[in-house]
Structures are given as structure tokens and as C-alpha cells.
Amino acid sequence: MAGLLGALAGGGMLMLSGILFFAFLLEVGAVDRAACRCFLRLTLTTVSVGCLYFLFGALVHQVLRYDLADAADYTHFFRNDALVRAYEGLEQPGREGFLTHIFVLLGHGVGRLLLGQYASGGWVTAWGMTCLALCLLYARLRAWMDEEVAGKAAFMLLCLPGSVFFFLPGWPPLALLLLALIFYFAGKGLPVRLFQVHPVVGQVIAVICMLSSACVTAALAISQVG
């Protein structure tokens, strides 16, 4: 529980720092109010979805293990070989894969800022990368379609099967950010022909993606029970 409280305190501190930074940019006129509202909305969306993934994983783990101590630490209920290497790398970076090594170096640095809470540094880094990727995706889509549709399309990114890994330490959040950067800059001059999806079809696709994502998240949590 102490680790969870430390993570919440560290994440809250970084969020407060980000809010103050954007308030300063707004005050000096470096960004407009619309951009700040958009960034805040996407940040809250990322945090909300990330919390749902973590709470769902903790619930599945708790129902099967009945261990409140483990349920307060995501490194216990979200584990596989790649994640374990990332968790260990956050404590002491070693010989991880290329993208994972870059991630753990960044996460290790954030963990040092959080007074040695390296696991917290890992998830803060992952959530920050995912949030930034979402903002880049939205910004490019917003140039092609209206605000509501762009927001729904960006939100769907967080609901795809396996999106839980965007919120966990390792290469997926960094790869997502790199792909979002490529998409943002490469898509500037592209002629785009959009097609509309019937609202009912869009809702069915969203439900299927959400259910599939929940199954992947549950499978990740269940796989460690034994």
C-alpha cells in the first residue's frame, strides 16, 4: 500500500507540475486556451482509461488471489517475461532490448525524481508517452475531420486489444509515441479521403474492441495466478 500511495503522490506531483507549466505558457501567450483545453481533455482521458485498466487488473488478481498487498502494486498483477525485464531494468538498467532499454533509462530517471520509486517512475513515463501520442494523433486527425470524430478516433486507440501495454513499462508506449510522431509529421501533406461509418457500426466496433481489450487485460492478470 505504501508503494501505491507513493505512486499516487509522485504522479500527482508531476501532473501538478504539468498543469503549472501549461498555465505559465497560457499566461505568456505561448499557447491558446483551446489548445490547453484540448490537452487537458486528452490527459484526463488517458488517466481515466489507464486507471480503469489498472483497477480491472487489480480486481481480477484480487478475486483469484485474495491478497490486498499485491493488489496495491501493479508489478504483481501485470507480469510476463517482457514486463519482468522492464521492471528489473527500472531498478537497474541492463541488457534489455533497444526500445525497452531507452524506456527504462527514461523511467529510471523519473523514478530518481520520485525519490527512488522506480516502479512509479515506469508507469508515469508510460502514461506520459501514451498521453503525448494521443495528443499527436488527435492533432493530425483534427486537421482532417471535425473535433468530435477526431476525439472518438483518438479514444479508440486506448481501447484496442492489448492497449493495456501502452500503460505499462516497456517498449509498447515508446513505440506508440514514435509511430504517433511519424504519423503526425508524415501526414501533413497527404491528400486524405475520408469515409463515414454508420453510428451503429461504429458503436459495434467500439464494443468489440473494448471487450477484446478487457479479455487481454484479464488474461494478463490471470496468467500470474497459480
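**View 1. The aromatic cluster of the predicted model.** Tyr53, Phe54, Tyr74, Phe77, Phe78, Tyr87, Trp123, Trp127 and Phe167 form one aromatic cluster in this predicted model, and a search of the whole structure returns 10 aromatic pairs. Rings of Phe, Tyr and Trp (the six-membered ring for Trp) are paired if their centres lie within 6.5 Å, with planes under 30 degrees apart called stacked, those over 60 edge-to-face and the rest tilted. The rings of Tyr74 and Tyr87 have centres 5.7 Å apart and planes at 80°, so this pair is edge-to-face. Because Tyr74 lies in helix H4 and Tyr87 in helix H5, the pair ties together parts that are 13 residues apart in sequence; helices (H or I, at least four residues) and strands (E, at least two) are DSSP runs numbered from the N terminus. Tyr74 is buried, with a relative accessible area of 6%, and Tyr87 also counts as buried, at 10%, where buried means under 20% relative accessible area, exposed over 50% and partly exposed in between (1.4 Å probe, protein chains only).

The model is predicted, and local features need pLDDT of at least 70, side-chain atom pairs count only at pLDDT 80 or more, and totals for chains, interfaces and linings use all residues. Residues are numbered from 1 along each chain as its sequence is written, and side-chain values use heavy atoms, with hydrogens and water left out.

**View 2. The largest nonpolar core and the surroundings of Phe167.** A nonpolar core is a set of buried Ala, Val, Leu, Ile, Met, Phe, Trp, Tyr and Cys residues joined through side-chain atoms within 4.5 Å. The largest such core has 43 residues, of which Phe54, Tyr74, Phe78, Phe167 and Leu168 touch the most other members. At least two residues of this core come from each of H2, H4 (74–77), H5 (81–91), H6 (98–113), H7 (118–142), H8 (147–157) and H9, and the largest share, 14 residues, comes from H7. With neighbours within four places in sequence left aside, Phe167 is in contact (heavy atoms within 4.5 Å) with Thr46, Val49, Gly50, Tyr53, Phe54, Trp123, Ala126, Trp127, Thr130 and Leu158.

View 3. The expected span of a helix is 1.5 Å times one less than its number of residues. H2 is followed by Tyr66, whose phi is positive, near 55°. H7, with 25 residues, reaches 36 Å from its first C-alpha to its last, close to the 36 Å expected. Because 20 of the 25 residues of H7 are buried, this helix is largely enclosed by the rest of the structure.

View 4. Arg140 is found in helix H7 and counts as buried, at 7% relative accessibility. Not counting residues up to four places away in sequence, Arg140 touches Phe183, Tyr184, Gly187 and Lys188. Lys188 lies in the loop between H9 and helix H10 (199–222) and is exposed, with a relative accessible area of 53%; the C-alpha atoms of Lys188 and Trp144, 44 residues apart along the chain, are separated by 9.9 Å. Leu181 lies in helix H9 (residues 171–186) and counts as partly exposed, at 32% relative accessibility. Between the C-alpha atoms of Leu181 and Leu132, which are 49 residues apart along the chain, the separation is 9.4 Å.

**View 5. Cysteines without disulfides.** The structure holds zero disulfides, a disulfide being a pair of cysteine sulfur atoms within 2.5 Å. For Cys135, which is in no disulfide, the nearest cysteine sulfur is that of Cys131, 4.4 Å away, and Cys135 is buried, with a relative accessible area of 15%. The sulfur of Cys209 is 7.5 Å from the closest cysteine sulfur, in Cys159, too far for a bond, and Cys209 counts as buried at 13% relative accessibility.

**View 6. The protein chain as the setting for the close-ups.** The protein chain has 10 helices and zero strands, and buried residues make up 39% of its 226 residues. Among its contacts between residues at least 6 apart in sequence, 68% join residues at least 24 apart. The chain exposes about 12,900 Å², of which carbon and sulfur atoms supply 70%; accessible areas come from the Shrake-Rupley method with a 1.4 Å probe, and for residues only the protein chains shown count as cover.
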